[in-house]
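Please keep the sequence and the 3D view open while reading.

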Amino acid sequence: MAEAHQAVGFRPSLTSDGAEVDLSASVLQEIYLSGLRSWKRHLCRFWNDFLTGVFPASPLSWLFLFSAIQLAWFLQLDPSLGLTEKIKELLPDWGGQHHRLRGVLAAALFASCLWGALIFTLHVALRLLLSYHGWLLEPHGAMSSPTKTWLALVRIFSGRHPMLFSYQRSLPRQPVPSVQDTVRKYLESVRPVLSDEEFDWTAVLAQEFLRLQASLLQWYLQLKSWWAANYVTDWWEEFVYLRSRNSLMVNSNYYMMDFLYVTPTPVQAARAGNAVHALLLYRHHLNRQEILPTLLMGVRPLCSAQYEKIFNTTRIPGVQKDHIRHLRDSRHVAVFHRGRFFRVGTHSQSGLLSPRALEQQFQRILDDPSPACPHEEHLAALTAAPRDTWAQVRRSLKSQAEEALEAVEGAAFFVSLDPEPAGLAREDPAASLDAYAHALLAGRGHDRWYDKSFTLIVFANGKLGLSVEHSWADCPISGHMWEFTLATECFQLGYSVDGHCKGRPDPALPQPQRLHWDLPEKIQLPISLALRGAKTLSGDIDCHVFPFSHFGKSFIKRCHLSSDSFIQTALQLAHFRDRGQFCLTYESTMTRLFLEGRTETVRSCTREACSFVRAMEDKEKTDSQCLALFRLAVEKHQALLKAAMSGQGADRHLFALYVVARLLRLQSPFLDQVHSEQWQLATSQIPVQQTHLFDVHNYPDYVSSGGGFGPIDDHGYGVSYIFMGDETITFHISSKKSSTKTDSHRLGQHIEDALRDVACLFQEGKRLQRGCRGRGEEDPRRHRCGPLPCHPRDSMTPTPSTNF
């Protein structure tokens, strides 16, 4: 999502105020430190590593093995083939009365060694099995005999009842692709957007790179891949995110929305109480590793490392580089309301506060008439300032108001009680959705603490939203948490008839603690400058959200096509109609098939997609010809997607090669050109991961409407989409108002027309009214869908007792 903006700014992130950042450390030292960081992370969670490290075995299996050995000795059998006696001889002689104890200790040691060897064998076998990616490359709906055999073996070796981190030791490491393949894929990806002269020059640079530098840089990457957990992830986090000096607002945050058509309660404090309680329940399950690992096809686990930093996490600004601060626990949340900060405890002596008790605390804040202190109201705008500026001001702030700053940065997460309503409004549904998205992405510039891992936003009418900082994890992680939160607070916790949380308030609870900031007068200027910059950036963002309800995932499935590839190819048609040209397109996909994997880029603007778009704009082409080209474009996109997921993408490899070149102070014109590219279209699908939590068939309105992110280029678009049930696709589009080349609403119209035009290529889609096929041609048949439906609140309301 927002990572695309950071990736584009990667090269500037290696510099600070025009001067080179000190990267004089040798590349070998950087590789050594990468491995050291990996090992430190493993040592910090030693106990959990023990519990999950023995998986698929269990600690009880050691007891069973020891008992079996003792039983064999009782029956005068020696399963150790004499090894137990040799172990006994090595033990100290404590006298005759302890002879039996020596035998028991020897048997225990032998059982432990045998148990460890068996577990190691299981881990190696499972890692080898999980290194197989042939299942990804097979046609949809087909499964070869090797894949069937692989599935059966994975089920056998995977064990039962895995915890969240059970598979971490068995996940394979992300492979380093062949540098020749990477360069070839790169050249293929830029061919549609370059002229013949530009492409020939790029090919010359590529050949020079392969001849002079590639083998040396590749050797260092191979070395790192053997030593560190992942050859690219830590550098990606450092150089793309933590070294970026841009504002986090819009550039490195993204948002997630509430239910689109329904709001479970209009009571702001009640919605906040249930939501905070549900989030802390999720944290409780996370700490106990009771969240099930994500399994593809029900058997192939994904890496769970990113879950560790969801809560109690803050991005601390630095002059040249930020760092992530993660606490083991936090028993309070920081709350912002009308320019004031509060510390709200989340636990009592008996445990987590009930939703009704939390509602009571939030209501006390809403009812508090005290004004904001001098400079306090706009203080949070500093977190939206450029990182160098915020780092310098924070030093002064920490010396003046350390306790208040620690209460915010040490909170489980940040809560913003917004005084304005938001969400879908009957009076103007389209404009209200756009305003809702804008409020979540940018707010007022001073009512979010952008450094926190996420901010829960509760609006005056009970609508919810989430603003997420991107450096600590990617969208599927926060999306998983958000799905649990919405389902739990609505279906399990529920609300009383009058809209309040269930239960009774607790008058004995102490009042929320008002945070006091002893701010010097000299801080007024940086706050004012930060606020001005935040408001300028916020005012320049053009957000547009619309649900496309003419067809959805079920129609695409009936066409026997990948839903994501269908949308991506249609987006190429829409963007071409909007701009009249093709451009590099950034689609993010995950590489969590590997240990500590994060994302890879799918370059969706392919030659096949361009051929399809040209055919659609050619009135002489028939529907059957366009359909054939569309299928080729979808197949090509699927091949690129599968290659990226299996670690064979080009962009992360090129990024790592560039980092090594910079560390070695090698000049590479080819790599410089690669990382100077402009991505004018960034796209991302938001997956619905926990379908068992929602009854999308009976209650389709009770599904999150997804989220979005800011544009990655001043003259580009950011587009995300989510499949809401089987019949609706919700799109989130962003661009900059200052650009004369972009218009979010215009692109939204083109997306809708493109989707309907593509659907009409299929026999089943003929019932959909066809838009014009020629760009720039006015056609009276072409129309936009009518007003967004505003479903009544009580039309289809599930009860907490409904079995979801």
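## Buried residues and the chain as a whole

A residue is called buried when its relative accessible area is under 20% and exposed when that area is over 50%. The model described here is predicted. With that cut-off in mind, the buried residues of helix 23 (residues 607-616) are Ala 609, Cys 610, Phe 612, Val 613, Ala 615 and Met 616. They are covered by parts of the structure that include helix 22 (563-579), helix 24 (623-645) and helix 27 (744-759).

The chain as a whole contains 27 helices and 22 strands, and 59% of its 804 residues count as buried. Among the contacts in the chain with a separation of 6 or more, 80% are made by residues 24 or more positions apart.

## The nonpolar cores

The largest nonpolar core has 123 residues, of which Ile 310, Phe 362, Phe 413, Leu 456 and Phe 670 touch the most other members.

Eight strands form an open sheet in the order 15-9-8-12-13-14-3-20, and their pairing is mixed. Strand 15 (513-514) and strand 20 stand at the edges, and because each has a single partner strand, one side of each is left without a neighbour in the sheet.

Within this sheet, strand 12 (residues 414-417) runs parallel to strand 13, and four bridges join the two; Phe 414 has Thr 455 of strand 13 as its bridge partner. Strand 13 (residues 454-458) is in turn joined to strand 14 by five bridges, and these two strands run antiparallel. They form a hairpin with five residues between them, and in the turn Gly 462 has a positive phi of about 90°. On its other pairing, strand 14 is joined to strand 3 (residues 253-257) by five bridges, again with an antiparallel run. Gly 465 in strand 14 stands opposite Ile 457, and Met 257 also stands opposite Gly 465.

## Strand 14, enclosed on both faces

Why can strand 14 (residues 464-469) be described as largely enclosed by the rest of the structure? Six of its six residues are buried, and the description follows from that count. In a regular strand the side chains alternate between the two faces of the sheet. In strand 14, Leu 464, Leu 466 and Val 468 point one way while Gly 465, Ser 467 and Glu 469 point the other way, and all are buried.

Strand 19 runs parallel to strand 21 and is joined to it by five bridges, with Ser 684 standing opposite Ser 720. Strand 22 (residues 728-736) pairs with strand 21 in the antiparallel sense over seven bridges, and Thr 728 in strand 22 is the bridge partner of Met 724. Strand 21 and strand 22 form a hairpin with three residues between them, where Gly 725 in the turn has a positive phi of about 70°.

Helix 9 (residues 145-157) has 13 residues and reaches 19 Å from its first C-alpha to its last, which is close to the 18 Å expected at 1.5 Å a residue. The buried residues of helix 9 are Thr 147, Trp 150, Leu 151 and Val 154. Because these residues cover an arc of only 100° around the axis, they lie on the same side of helix 9. Ser 145 and Ile 156, on the other side of helix 9, are exposed. Gly 159, whose phi is positive and near 75°, follows helix 9.

## A buried glutamine in a loop

Gln 690 is found in the loop between strand 19 (681-685) and strand 20 (707-709). Is Gln 690 buried or exposed? Its relative accessible area is 7%, so Gln 690 is buried. The side chain of Gln 690 reaches the backbone oxygen of His 480 at 2.8 Å. Leaving aside neighbours within four places in sequence, Gln 690 is in contact with His 480, Glu 483 and Phe 484.

How values were computed: Residues are numbered from 1 along each chain as its sequence is written. Side-chain values use heavy atoms; hydrogens and water are left out. A nonpolar core is a set of buried Ala, Val, Leu, Ile, Met, Phe, Trp, Tyr and Cys residues joined through side-chain atoms within 4.5 Å. Buried means under 20% relative accessible area, exposed over 50%, partly exposed in between (1.4 Å probe, protein chains only). Two strands pair if DSSP finds at least two bridges between them. Contact means heavy atoms within 4.5 Å. A polar contact is a pair of N or O atoms within 3.5 Å; within protein, one must be able to donate a hydrogen and the other to accept it, and residues adjacent in sequence count only if both atoms are side-chain atoms. The expected span of a helix is 1.5 Å times one less than its number of residues. The arc is that of the directions from the helix axis to the C-beta atoms.
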